[in-house]
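User: Please walk me through this structure in short questions and answers.

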Amino acid sequence: MAIAIIVPLLTFLYDGREPRLFGFPRFYWLQLAFIGLGVACTAIVYRMTRRKP
Amino acid sequence: MTEINWTELVIFSALFLIVAALGFVASRWRRPASMHHLDEWGLGGRSFGGWVTWFLIGGDLYTAYTFVAVPALLFATGGNGFFAVPYTVITYPIAFLALIRLWSVSHRHGFVTPADFVRARFGSPTLALLVAITGIVATMPYIALQLIGIEAVLKAIGLTGDSFFARHLPLIIAFGILAAYTYQSGLRAPALIAFVKDALIYIVIITAVLYVPHQLGGWETIFDAADGKFTAAKKGGLLLADGSQLQYITLAIGSALALFLYPHSVTGVLASKNRDIIKRNMAALPAYSLLLGLIALLGFMAIAAKQHGVAPLVIDGKPDNNTIVPVLFDRMFPSWFAGIAFATIGIGALVPAAIMSIAAANLFTRNIYVEYLAKEATHAEQARVSKLASLVVKLGALLVIVLIDPQFSIDLQLIGGVLILQTLPSVALGLFTRWFHRTGLIAGWIAGLSAGLAMLYTIPNPATHHDHFGGSAFALSKLGLPWNVPIYAGFVAVAVNLLVSVIGTLIARGAKVPEGVDATAGSDYFADEGDPKQVR
């Protein structure tokens with residue numbers, strides 16, 4: 001869970017232009033990719049803590 | 001005055017009316033035995049399942065103003081406006097941890113508002129009153145901003161009007177309809193409408209991000225055009241401006257924390273049926289963030305579409321950046337699709353406005369009316385007071401927009417974010433620890449609030465020639481600190497708040513000031529649906 005909170009705040013990871021992906025500078029595509037990271041982390045925690053049926 | 005585009009207007013009005021009809025029908029949806037209970041009117045019977053919650057919270061947090069203002073920010077300043085993306089990514093893991101506890105304790109004790117929780121946790125009606133007032137004051141301008149979203153669309157359709165009356169009439173009608181069905185159906189109305197709203201938003205935005213770049217020659221061209229504009233203007237840029245990294249991340253953190261302290265988010269969460277639904281939603285809601293990221297990029301598309309005549313509309317001699325997205329739709333899409341897109345933004349304003357007014361009304365009823373005016377109020381009476389309060393709240397927001405400069409509500413919204421953050425120690429930390437003393441928390445609230453307002457007051461806005469409340473980026477050097485970089489003012493304010501809360505707690509405890517009774521127990525924070533110990 002901490003990963004999902006901290007990684008998107010590390011500006012040095014994404015504050016740049018190259019490499020481009022489909023014409024998107026890194027600043028944009030990498031931050032959009034972090035959404036996927038957030039979903040993955042939260043989903044794992046949800047699965048681990050789900051109430052037993 | 002620009003020409004009215006009739007195709008757009010007709011489609012906009014038709015969709016708007018369909019949604020209004022849905023709002024009235026909603027009172028029959030999952031009809032309870034009686035609507036005369038605050039749980040029914042104000043929380044939809046606390047019975048919403050996974051899908052409804054997803055649409056409701058999604059429709060609640062990603063507002064019309066977001067769709068209008070975030071691209072406008074990218075249009076004007078570039079990369080710094082993209083903070084909305086990390087902000088809405090980190091908010092869910094944080095909320096995941098805090099809100100399931102809030103849901104459980106509220107489920108067992110029948111809390112309707114965050115202030116209800118604070119009252120029981122710290123045994124302090126005063127602290128609860130402060131939390132409630134903060135919530136109401138912070139929510140009001142937020143509702144007003146939804147109106148700005150609708151207004152931006154109406155301007156793009158061409159309904160600018162010559163007289164004062166003609167200009168505001170469409171807005172007043174739209175809001176009258178909203179007020180009527182919220183009064184009638186309570187939280188069920190925005191929940192049902194959210195389905196339509198979100199379906200439309202996904203259609204419009206996916207179409208926009210596929211169709212518009214195709215028209216403009218691809219993403220590469222769009223980013224290059226944006227880059228060119230910022231370089232030429234020597235203002236803004238594709239990446240973060242030098243030294244603004246700290247501002248960027250503190251703004252993201254501050255906004256993420258503020259988002260789930262807003263009463264309307266809490267209302268959406270408490271309306272869900274059980275803990276699993278909330279957890280699942282916190283994992284699934286970031287789908288909207290992806291949408292938001294794409295919407296933000298509409299601001300760059302607008303830059304690249306300059307040769308198609310896309311520029312902010314000039315209203316009263318000032319270019320209004322908020323009209324940039326509606327204008328982009330107007331120029332790039334055929335009229336019929338632009339009409340659908342406009343209706344989407346318009347309906348997008350109605351859902352959050354309804355939830356926010358319900359949340360503010362609940363705060364008034366539970367923490368002011370029942371607490372101080374009518375202690376013995378029955379459930380039916382509470383529901384009635386809340387319904388009336390929701391009308392008053394909306395009327396207030398409308399008056400603010402019509403009578404006062406809209407810029408004023410944007411300023412207020414900025415202040416609102418800083419205000420609501422000051423409830424963090426009592427509400428969010430209170431969910432995890434009872435260590436704080438109520439006196440310390442009250443002192444922290446006062447200190448944080450004063451510090452926040454004082455900082456915001458010193459920030460000028462050169463673009464609008466305002467000397468005060470011009471932004472949220474506070475220069476650390478003003479505090480005599482050696483780093484000459486800006487930081488989000490709310491972040492500093494909440495740090496002050498925490499510090500004073502800690503010191504205040506230690507002093508109060510040392511002086512043996514009574515602690516107040518904690519009406520909650522440790523196991524309350526894990527209670528789930530079907531809980532046997534429910535206190536209702």
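**A helix and what follows**

User: Which residue follows H4(B), and what is its phi near?

Analyst: H4(B) is followed by B:Gly78. This is a predicted model. The phi of B:Gly78 is positive, near 85 degrees.

User: How far apart are the end C-alpha atoms of helix H4 (residues 64-77) of chain B?

Analyst: H4(B) has 14 residues, and at 1.5 Å a residue it should span 20 Å. The computed separation agrees with that expectation. The end C-alpha atoms are apart by 20 Å.

User: How many of the 14 residues of H4(B) are buried?

Analyst: A residue counts as buried with 20 or more other C-beta atoms within 10 Å of its own. H4(B) is largely enclosed by the rest of the structure, because its count of buried residues, out of 14, is 13.

User: How many helices and strands are there in chain A?

Analyst: Along the sequence, chain A reads α-α-α. Of its 53 residues, 28% count as buried. The totals for chain A are three helices and zero strands.

User: What percentage of the residues of chain B count as buried?

Analyst: The secondary structure of chain B comes to 21 helices and four strands. Take contacts in chain B between residues at least 6 apart in sequence: 83% join residues at least 24 apart. Of the 536 residues of chain B, the share that counts as buried is 59%.

User: Which residues is B:Phe342 in contact with, leaving aside its neighbours within four places in sequence?

Analyst: B:Phe342 is among the core residues that touch the most other members. Contact here takes C-beta atoms within 7 Å. Beyond its sequence neighbours, B:Phe342 is in contact with B:Glu8, B:Phe12, B:Val153, B:Ala156, B:Ile157, B:Pro326 and B:Phe329.

User: How many nonpolar, polar and charged residues are in the contact of H7(B) with H15(B)?

Analyst: H7(B) and helix H15 (residues 324-332) of chain B pack at about 35 degrees, with axes 8 Å apart. The crossing is right-handed. B:Ala152, B:Val153 and B:Ala156 in H7(B) meet B:Pro326, B:Val327 and B:Asp330 in H15(B). By class, that contact has five nonpolar, no polar and one charged residues.

User: Which residues of H12(B) are buried?

Analyst: Helix H12 (residues 263-270) of chain B has eight of its eight residues buried, so it is largely enclosed by the rest of the structure. The buried residues are B:Pro263, B:His264, B:Ser265, B:Val266, B:Thr267, B:Gly268, B:Val269 and B:Leu270.

User: What are the classes of the residues in the contact of H5(B) with H12(B)?

Analyst: The axes of helix H5 (residues 84-109) of chain B and H12(B) come within 10 Å and cross at roughly 65 degrees. H5(B) passes H12(B) in a right-handed crossing. From H5(B), B:Leu99, B:Leu102, B:Trp103 and B:Ser106 meet B:Val266, B:Val269 and B:Leu270 in H12(B). By class, the contact has six nonpolar, one polar and no charged residues.

User: Is B:Ile347 buried or exposed?

Analyst: B:Ile347 lies in helix H16 (residues 335-373) of chain B. It touches B:Leu15, B:Phe16, B:Val19, B:Ile193, B:Val196, B:Lys197 and B:Leu200, not counting residues up to four places away in sequence. With 27 other C-beta atoms within 10 Å, B:Ile347 is buried.

User: How far apart in space are B:Val209 and B:Met301, C-alpha to C-alpha?

Analyst: B:Val209 is in helix H9 (residues 188-216) of chain B. It has 18 other C-beta atoms within 10 Å, so it is partly exposed. B:Val209 and B:Met301 are 92 residues apart in sequence, and in space they are apart by 9.1 Å.

User: Which residues is B:Ala443 in contact with, leaving aside its neighbours within four places in sequence?

Analyst: B:Ala443 is in helix H20 (residues 438-457) of chain B. It counts as partly exposed because it has 19 C-beta neighbours inside 10 Å. Beyond its sequence neighbours, B:Ala443 is in contact with B:Val500, B:Ser501 and B:Gly504.

Conventions:
Residues numbered from 1 in each chain as written. Chains lettered and ligands numbered in written order. Predicted model: local features only at pLDDT ≥ 70, side-chain atom pairs only at ≥ 80, totals over all residues. Helix = DSSP H or I, 4+ residues; strand = E, 2+ residues; numbered from the N terminus. Buried ≥ 20, exposed ≤ 12 C-beta atoms within 10 Å, placed from the backbone. Contact = placed C-beta atoms within 7 Å. Core = buried A, V, L, I, M, F, W, Y, C linked by C-beta atoms within 7 Å. Axes fitted to C-alpha atoms, helices over the stretch in contact; angles between N-to-C directions. Left-handed = near helix turned anticlockwise from the far one by under 90°. Nonpolar A, V, L, I, M, F, W, Y, C, P; charged D, E, K, R; others polar. Expected span 1.5 Å × (residues − 1).
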